[in-house]
Amino acid sequence: MRKLIVIAIALISIQAIAQTERRDRPERAQKMSNLSTEEMATLRTKKMTLFLDLNESQQKEVHKINLENATLHKTMMEERKAKKTKGTAQRPTKEERLKMANAKLDRKIAIKAKMKKILDKEQYAKWEKAQSKMANKRKDKKRDMNRKK
């Protein structure tokens, strides 16, 4: 009987810890959105430098790419936020979704080409592998969110 009570308490405490971690995620996302584009690009570049062992010239080139991406990301977020506050936010039509998906893929292709020029073969392979891992994580997360609905 004691063992059952101890196990039940352990399970309840684990569940409580997991829920508090989930609640912290939006706060972290909010903190990241408060960063300037320059700060976001610098952080991302430093992470990539540690991960890929970039030299100085590579860091400068990667920083330019990250700054472009951060600027684009920030403007898109602000546009969405403005539409939401005005109350004019609507689901995009099929054509708009197709246009956005094509634009996103074009940006990814351009970034991939730029990174291929900047990185050596080993670094590029490592970067590509990390990109595919992140894409799989996003897919899994999206799938999990759809299951909960």
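Let's start with Lys64. It is partly exposed, at 49% relative accessibility. This is a predicted model, so keep that in mind throughout. Lys64 has a salt bridge partner, Glu61, with the closest N and O atoms 3.6 Å apart. Glu61 is partly exposed as well, at 35% relative accessibility. Where do Lys64 and Glu61 lie? Both are in helix H3, three residues apart, which is about one turn of the helix.

How many salt bridges does the structure hold? Three. Let's take the other pairs.

Next pair: Lys114 and Glu68. Their side chains meet in a salt bridge, at 3.1 Å from N to O. This pair links distant parts of the chain, with Lys114 in helix H4 and Glu68 in helix H3, 46 residues apart. Lys114 has a relative accessible area of 34%, so it is partly exposed. Glu68 is partly exposed too, at 45%.

Now Lys112 and Glu128. They form a salt bridge, and the closest N and O atoms are 3.0 Å apart. Again the pair links distant parts of the chain: Lys112 sits in helix H4, Glu128 in helix H5, and 16 residues separate them. Lys112 is at 38% relative accessibility, which counts as partly exposed. Glu128, at 30%, counts as partly exposed too.

On to Asp120. Which helices does its loop connect? Asp120 is in the loop between helix H4, residues 94-118, and helix H5, residues 121-148. Look at its side chain. A polar atom there lies 3.2 Å from the backbone nitrogen of Glu122. The backbone nitrogen of Gln123 lies 2.8 Å from a polar atom of that Asp120 side chain. Asp120 can also be placed against Leu52. The two are 68 residues apart along the chain, and their C-alpha atoms are separated by 9.9 Å.

Gln123 brings us to Gln58. The side chains of Gln58 and Gln123 are joined by a polar contact of 2.8 Å. Gln58 is found in helix H3, residues 56-86. Why does Gln58 count as buried? Because its relative accessibility is 8%, and the cut-off for buried is under 20%. What does Gln58 touch? Leaving out residues up to four places away in sequence, it touches Asp53, Ile118, Leu119, Asp120 and Gln123. So Asp120 comes back here, as a neighbour of Gln58.

Last topic: the nonpolar core. Which residues make up the largest one? There are ten in all: Met48, Leu52, Leu54, Val62, Ile65, Met115, Ile118, Leu119, Tyr124 and Trp127. The elements that give two or more residues to this core are helix H2, residues 37-52, along with H3, H4 and H5. In soluble globular proteins, nonpolar side chains tend to be buried together.

Take Met48 as one member of that core. Not counting residues up to four places away in sequence, Met48 touches Asp53, Leu54, Val62, Asn66, Met115 and Trp127. Among the core members are Leu54, Val62, Met115 and Trp127. Some names link the topics. Ile118 and Leu119 belong to the core, and Gln58 touches both Ile118 and Leu119. Asp53 is in contact with Gln58, and Asp53 is also touched by Met48. Leu52, the residue I set against Asp120, is another core member.

Technical notes. Residues numbered from 1 in each chain as written. Predicted model: local features only at pLDDT ≥ 70, side-chain atom pairs only at ≥ 80, totals over all residues. Heavy atoms only, no water. Helix = DSSP H or I, 4+ residues; strand = E, 2+ residues; numbered from the N terminus. Polar contact = N/O pair within 3.5 Å; in protein donor to acceptor, adjacent residues only side chain to side chain. Buried < 20%, exposed > 50% of the residue type's maximum accessible area, 1.4 Å probe, protein only. Contact = heavy atoms within 4.5 Å. Salt bridge = Lys/Arg side-chain N within 4 Å of Asp/Glu carboxyl O. Core = buried A, V, L, I, M, F, W, Y, C linked by side-chain atoms within 4.5 Å.
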